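Subject: Structure for you to look at

Hello, I am passing on a structure for you to look through, and below it you will find notes on what was found. Please keep it open while you read, so that each name can be looked up.

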Amino acid sequence: MLDSYAVIGNPISHSKSPLIHTAFSQQTHQSMQYAAILAPLDGFQTTVSNFRQQGGKGLNVTVPFKLEAYQLSTRLTERATIAQAVNTLKFENDEILGDNTDGAGLVRDITLNLGIPLATKRILLMGAGGAARGVILPLLQQKPFMLAIANRTPDKAEALQQQFVSCGNVVAGDFMSFPDERFDIIINATSASLHNALPELPAHIFAADALAYDMMYSHEPTRFLKFAQQNGARHLADGIGMLVEQAAESFFLWRGIRPRTKPVIALLKSQI
Ligand code: ATR
């Protein structure tokens, strides 16, 4: 029987994970299968145990179950503990290992694929929900000059600042709190792009050589990326690279092999 993996979420039919992991397994000649599982909103745990009982080896976890996956894990990696969210489960004997590969995926996409170092940079992280929380520590580990967290509800950004203040130079506020700063890297980790909305940012926050990065993606540039381009950002990126890189980190955790991501990013881009 082939080793079995899947992505679990609700909704799930849009997920690109089966395409990505099938490409990885073909490229690395791994004997495995990878499916998409729709779990009922109140049935995450039962669906996971059924999958395990049928011999499943690991799961990717997506919206809205990342917190439940965190709670279900019997052992957590440091990065999952800090993110308070799990996007990757690995089943070994009686143990459920929970990991979070989102932050590593973002950092690898920016530094390796886009070739933009984060060390000494001024970074603006927009958003203070689960997506933002998961990337803060990996960003700070790159030793930026400063990480500003901006959120529509500033209290949530300030709570994150308190949590991470010992890990680097972290400041917090709302989108209008940094009118005189010029940021080198501006990352949209809000869910605004999902609703085709645009957080209200000052127009002059993009430094001359700035990278604007939207964790979301769609067939055309998001409103945030259009705004960034109109206001001088030189580099624009959507979340496809991060999506493939976080998948590669999960694949590495499960199989001990790091797949090449560039051809898979190109494959996805050609399909979206
Ligand atoms: P996720 O897990 O995707 O981060 P979440 O935890 O619900 O989802 O967080 C959504 C984030 O997007 C929050 O930072 C939210 O801002 P608030 O904390 O003020 O709610 C942000 N967000 C959602 N829609 C937004 C919009 N139209 N403009 C600005 N921020 C928005």
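**The second largest pocket**

The second largest pocket has a volume of about 310 Å³. A pocket here is an open set of points on a 1 Å grid over the protein atoms alone, with protein on both sides within 12 Å along at least five of seven lines, and lining residues have an atom within 4 Å of a point. A volume is the space filled by probe spheres set on the points, which are joined across faces, edges and corners.

This is a predicted model, in which local features need pLDDT of at least 70 and side-chain atom pairs count only at pLDDT 80 or more, while totals for chains, interfaces and linings use all residues. Residues are numbered from 1 along each chain as its sequence is written, and side-chain values use heavy atoms, with hydrogens and water left out.

The second largest pocket is lined by 19 residues, and those closest to its centre are Ala237, Asp238, Ile240, Gly241 and Lys269. Two or more lining residues come from each of α5 (102-113), β12 (235-237), α9 (240-255) and α10 (262-271), with α10 giving the largest share, three residues. Helices (H or I, at least four residues) and strands (E, at least two) are DSSP runs, numbered from the N terminus.

**The cavity**

A cavity is a set of grid points where a 1.4 Å probe fits but cannot get out, and by this rule there is one cavity of 30 Å³ or more. The largest cavity has a volume of about 60 Å³, and among its 13 lining residues the closest to its centre are Arg79, Ala83, Gly134, Leu137 and Pro138. While α4 (78-83), α5 and α6 (130-140) each supply at least two residues of this lining, α6 gives the most, with five residues.

**The ligand**

Among the polar contacts (pairs of N or O atoms within 3.5 Å), an oxygen atom of the ligand is 2.9 Å from an N or O atom in the side chain of Arg152, and an oxygen atom of the ligand is 3.0 Å from a polar backbone atom of Ser191. Taken alone the ligand exposes 650 Å², of which the protein buries 70%, with accessible areas taken from the Shrake-Rupley method with a 1.4 Å probe.

Methods
Polar contact = N/O pair within 3.5 Å; in protein donor to acceptor, adjacent residues only side chain to side chain.
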